[in-house]
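Student: I have a model open and would like to go through its structural details one at a time. Can you take questions on it?

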Amino acid sequence: MIDSLQALAFSVQANPNVYAVLLGSGVSNSAGIPTGCEITRDLIRRLASLKKDTCEPDPYLWYRTRYGKEPDYAELLEELTKRPAERQQLLRRYFEEDRTGGIGISKKPTAAHKALAALVAAGYIRVIVTTNYDRLLETALTEHGIVPTVVSTEDQLEGALPLIHTRCYVFKVNGDYRDTRIKNTPAELDSYPVRYNELLDRILDEFGLIMCGWSAEWDGALRDAICRAKSRRFTTYWAARGHLGDKAQRLIAHQRAEVITIRNADDFFQALQNHVESIEQFARPHPLSTEASVASLKLFIPDPKCRIQLGDLVTNTVRSVIKATTSEGLSAESAPKPTTESVTARVRGYEAACETLLAMAVVAGYWAEDEHHEDWQSALRQLGHIAVKDSILPRWNDLQRYPATLLLYALGIGAVKRMRLKFIGSLLSVIIRTDPGIAEPAIDALPPSCLLREGNKSMKILEGMSDRKLPINDWIFSALQTHAQRIIPEPDQYRLAYSKLELLISLRWLYNEITVREGDDILMLPGAFVYWPEGKRALQEVADSLNSEGEESPYVRYNFVESVDAGMDVLEVFMQNIQYQQWRAK
């Protein structure tokens with residue numbers, strides 16, 4: 001049986017940014033940040049000292065004997081300090097590093113904080129609600145290069161970015177210890193401002209919940225918010241050490257929560273992080289599986305008796321890609337607001353799902369004969385056809401075709417290396433259904449400059465691509481380089497093959513769009529050949545073929561240029577655009 005922690009890890013990995021985390025004081029305890037009970041015990045000692053009395057060995061027993069009731073953390077604070085500013089100064093010593101050996105010692109982020117920050121950095125967690133006053137979580141996030149949006153007061157909430165626009169949102173419902181408006185007393189903990197309740201209602205409605213280190217004993221307003229939540233879209237997980245009280249049990253029953261018994265918060269979050277990372281790695285095709293598929297491909301291609309096996313191999317690999325890329329974690333419907341992290345994670349997720357197919361494709365592009373073309377045309381058609389689902393944000397819908405673009409380029413790079421222009425032409429002619437009722441050739445649907453309705457430049461949001469002229473083109477170049485090494489081990493030759501492929505795509509797109517004649521503007525799909533030195537070399541190779549072979553040139557025969565004269569006119573304009581790096585995109 002899969003235990004609750006493993007089930008949670010699978011859910012987090014498959015549904016990035018779907019779960020919010022609720023942290024209580026137990027998460028900070030191992031850092032020397034005392035829990036409410038420990039602070040209560042220390043406050044009783046201070047009270048006893050003021051009365052010239054001793055409360056040891058049992059401060060709680062002393063308080064019950066002296067006052068005839070159970071000690072209460074919030075009530076003690078209210079008795080000892082009459083003003084919020086006084087409470088804030090009294091509590092400060094519990095949350096800052098104490099080098100004198102007092103109740104607080106290290107005050108450094110714990111293993112739990114660090115593991116949670118790692119999950120945030122990896123794009124799995126975005127929203128964290130905490131009752132803690134300390135800043136250990138913020139410190140851990142900063143150490144991972146994340147500057148969170150932190151809300152601990154009403155005025156901060158007023159000016160904060162919406163949840164969907166932030167990489168990490170930390171909602172400190174009881175305040176920050178450095179602010180005098182922290183909530184301690186029963187009245188303060190039992191009632192939140194209207195804006196707080198609205199935000200909590202939204203979080204609890206739209207996100208699953210992972211709870212740890214929270215007893216539910218003190219925070220009445222937070223308990224009420226959980227009780228108001230009616231959504232059951234995602235499971236609530238409550239990581240608990242030891243027995244939970246009646247108030248927690250009522251919430252568990254209300255949420256139908258899964259209780260995960262833990263030794264401590266550090267172990268829990270470290271285990272969750274490790275499980276998620278392991279599942280992520282396992283989701284990628286196993287290297288041996290990829291190598292076996294490539295080896296089988298090489299055996300099947302030259303043997304006519306293996307046509308059926310070859311077709312089945314390609315079909316089954318494509319089906320596995322479609323299954324992975326249309327899963328809940330990568331579907332257009334489940335996509336979050338586009339950010340550098342979310343878009344980069346989505347693109348890398350597609351690439352991971354396509355690893356085996358791309359490794360096969362570069363080899364197939366190099367070796368495939370005419371009788372094999374239909375298998376790969378069908379593969380391209382199937383991958384292109386999956387992008388027909390509705391999404392509020394067009395970018396996510398358009399990116400569903402990104403695996404088809406990767407396949408086109410992987411096949412094309414192999415084919416360019418052996419000058420199989422007929423194969424490239426057949427791939428660019430494949431009809432792709434890009435929207436319900438709309439079909440167009442691959443040359444109009446799959447090149448990077450055609451992929452997104454928002455335009456290629458919108459993908460500057462990809463990690464490391466903010467200063468690139470053609471971010472998707474450059475990204476694909478890097479993404480396919482390892483696969484291309486199977487047939488093109490030399491980096492300069494790979495760059496040349498990539499430049500030539502993008503030149504051929506631009507030529508074919510132009511051939512499809514207009515008939516070149518005097519006075520017409522010559523458009524082009526921009527590609528890396530525009531600004532790489534290898535682009536000039538690729539252009540010269542095409543020009544040499546037109547000059548030496550005339551109308552028998554494969555560039556004319558397979559419809560990359562209309563004629564020798566028209567082709568030379570186009571190449572001259574392209575060369576000018578390369579020289580001045582000026583072009584007009586589609």
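This is a predicted model: local features need pLDDT of at least 70, side-chain atom pairs count only at pLDDT 80 or more; totals for chains, interfaces and linings use all residues.

Student: How many disulfides does a search of the whole structure find?

Tutor: A disulfide is a covalent bond between the sulfur atoms of two cysteines. To count here, two cysteine sulfur atoms must lie within 2.5 Å. For the whole structure, the number of disulfides found is 0.

Student: Is C168 buried or exposed?

Tutor: The cut-off for buried is under 20% relative accessible area. C55, with 6%, counts as buried. C168 has a relative accessible area of 1%, so C168 is buried.

Student: What kind of aromatic pair do Y366 and W367 form?

Tutor: The whole structure holds 18 aromatic pairs. In the pair of Y366 and W367, the ring centres are 5.0 Å apart and the planes make an angle of 80°. Planes over 60 degrees apart fall in one class, so the pair of Y366 and W367 is edge-to-face.

Student: Which residue has its charged end over the ring of Y366?

Tutor: Y366 already pairs with W367, and W367 is partly exposed at 43% relative accessibility. Over the ring of Y366, at 5.1 Å from the ring centre, sits the charged end of R418.

Student: Which residue lies over the face of W532?

Tutor: W532 belongs to a cluster linked by ring pairs, together with Y409, F477, Y494, Y498 and Y531. The residue over the face of W532, 4.4 Å from the ring centre, is R495.

Student: What is the volume of the largest cavity?

Tutor: Rolling a probe the size of a water molecule over the atoms shows where empty space is left. A search of the whole structure gives 5 cavities of 30 Å³ or more. The largest cavity has a volume of about 90 Å³.

Student: Which element supplies the largest share of the lining of the largest cavity?

Tutor: The lining has 13 residues, and those nearest the centre of the cavity are L204, F207, S231, F234 and Q255. By class, the lining divides into 5 nonpolar, 4 polar and 4 charged residues. Helix α10 (194-206) and strand β5 (208-212) each give at least two residues. The largest share, 3 residues, comes from α10.

Student: How many residues of helix α21 are buried?

Tutor: Helix α21 covers residues 421-428, and it is largely enclosed by the rest of the structure. Its buried residues are L421, F423, I424, G425, S426, L427 and L428. Of the 8 residues of α21, the number buried is 7.

Student: Where is the cis peptide bond that involves P57?

Tutor: Most residues other than glycine have a negative phi, and most peptide bonds are trans. P57 lies in the loop between α2 (36-50) and α3 (59-67). With omega at about 10°, the cis bond joins E56 and P57.

Student: What is the phi of K52?

Tutor: K52 is also placed in the loop between α2 and α3. K52 counts as exposed, because its relative accessibility is 77%. K52 is not a glycine, yet it has a positive phi, of about 60°.

Student: Is A216 buried or exposed?

Tutor: A216 is in the loop between β5 and α11 (220-228). Phi of A216 is positive, near 70°, although the residue is other than glycine. With a relative accessible area of 0%, A216 is buried.

Student: What separates the C-alpha atoms of H165 and T339?

Tutor: H165 is in the loop between α8 (154-159) and β4 (169-172), and it is partly exposed at 39% relative accessible area. H165 and T339 are 174 residues apart along the chain. Their C-alpha atoms are separated by 7.6 Å.

Student: What separates the C-alpha atoms of T317 and M360?

Tutor: T317 is part of helix α15 (residues 307-325), and it is buried at 8% relative accessibility. Along the chain, T317 and M360 are 43 residues apart. The separation of their C-alpha atoms is 9.5 Å.

Note on methods:
Residues are numbered from 1 along each chain as its sequence is written. Side-chain values use heavy atoms; hydrogens and water are left out. Buried means under 20% relative accessible area, exposed over 50%, partly exposed in between (1.4 Å probe, protein chains only). Rings of Phe, Tyr and Trp (its six-membered ring) pair if their centres lie within 6.5 Å; planes under 30 degrees apart count as stacked, over 60 as edge-to-face and the rest as tilted. A charge sits over a ring if NZ of Lys or CZ of Arg is within 6 Å of the ring centre and within 35 degrees of the ring normal. On a 1 Å grid over the protein atoms alone, a cavity is a set of points where a 1.4 Å probe fits but cannot get out, and a pocket is an open set with protein on both sides within 12 Å along at least five of seven lines; lining residues have an atom within 4 Å of a point. Grid points are joined across faces, edges and corners, and a volume is the space filled by probe spheres set on the points. Helices (H or I, at least four residues) and strands (E, at least two) are DSSP runs, numbered from the N terminus. Ala, Val, Leu, Ile, Met, Phe, Trp, Tyr, Cys and Pro count as nonpolar, Asp, Glu, Lys and Arg as charged, and the others, Gly among them, as polar.
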